Amino acid sequence: MSMKLIRIKEVMDRTGLGRSTVYKYMNLGLFPKPIKLGTRAVAWVESEVVAWIQLGIECRDGEST
């Protein structure tokens, strides 16, 4: 199974959230945490972001588990 890491720009494009909202949700435990790539670089696991989006769809449709 291959895992893809995505940077903040792609996270923002996929979720429709702004940078500060991504970090706010992350600090509140409402969004996946990133993986540190270096001293000033982070990336998110694509599948975790996709799962977060899917959860939002399920909650909207009343199908939350």
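Me: Is Glu-10 buried, partly exposed or exposed, and how do I read that label?

Reply: Buried is under 20% relative accessible area, exposed is over 50%, and partly exposed is in between, with a 1.4 Å probe and protein chains only. Glu-10 has 27% relative accessibility, so it counts as partly exposed. Keep in mind that this is a predicted model, where local features need pLDDT of at least 70, side-chain atom pairs count only at pLDDT 80 or more, and totals for chains, interfaces and linings use all residues. Residues are numbered from 1 along each chain as its sequence is written, and side-chain values use heavy atoms, leaving out hydrogens and water.

Me: Which residue forms a salt bridge with Glu-10?

Reply: General idea: side chains of opposite charge can pair when their charged atoms come close. The cut-off here is a side-chain nitrogen of Lys or Arg within 4 Å of a carboxyl oxygen of Asp or Glu. Glu-10 pairs with Arg-14, with the closest N and O atoms 2.8 Å apart. Both sit in helix α1, four residues apart, about one turn of the helix. Helices here are DSSP runs of H or I with at least four residues, strands are E runs of at least two, and numbering goes from the N terminus.

Me: Where does the salt bridge between Arg-14 and Glu-46 reach in the chain?

Reply: That one has an N to O distance of 2.6 Å. It links distant parts of the chain, from Arg-14 in helix α1 to Glu-46 in helix α3 (residues 46-60), 32 residues apart. Arg-14 itself is partly exposed, because its relative accessible area is 32%.

Me: What about Thr-15: why does it count as buried?

Reply: Its relative accessibility is 18%, so Thr-15 falls in the buried class. Thr-15 belongs to helix α1 (residues 8-15). Its side chain reaches the backbone oxygen of Val-11 at 2.8 Å and the backbone nitrogen of Leu-17 at 3.1 Å.

Me: Which residues is Thr-15 in contact with, leaving aside its neighbours within four places in sequence?

Reply: Contact means heavy atoms within 4.5 Å. On that basis, Thr-15 touches Phe-31, Val-49, Trp-52 and Ile-53.

Me: And what pattern does the chain follow along the sequence?

Reply: Reading along, you get β-α-α-β-β-α, with three helices and three strands.

Definitions and conventions: A polar contact is a pair of N or O atoms within 3.5 Å; within protein, one must be able to donate a hydrogen and the other to accept it, and residues adjacent in sequence count only if both atoms are side-chain atoms.
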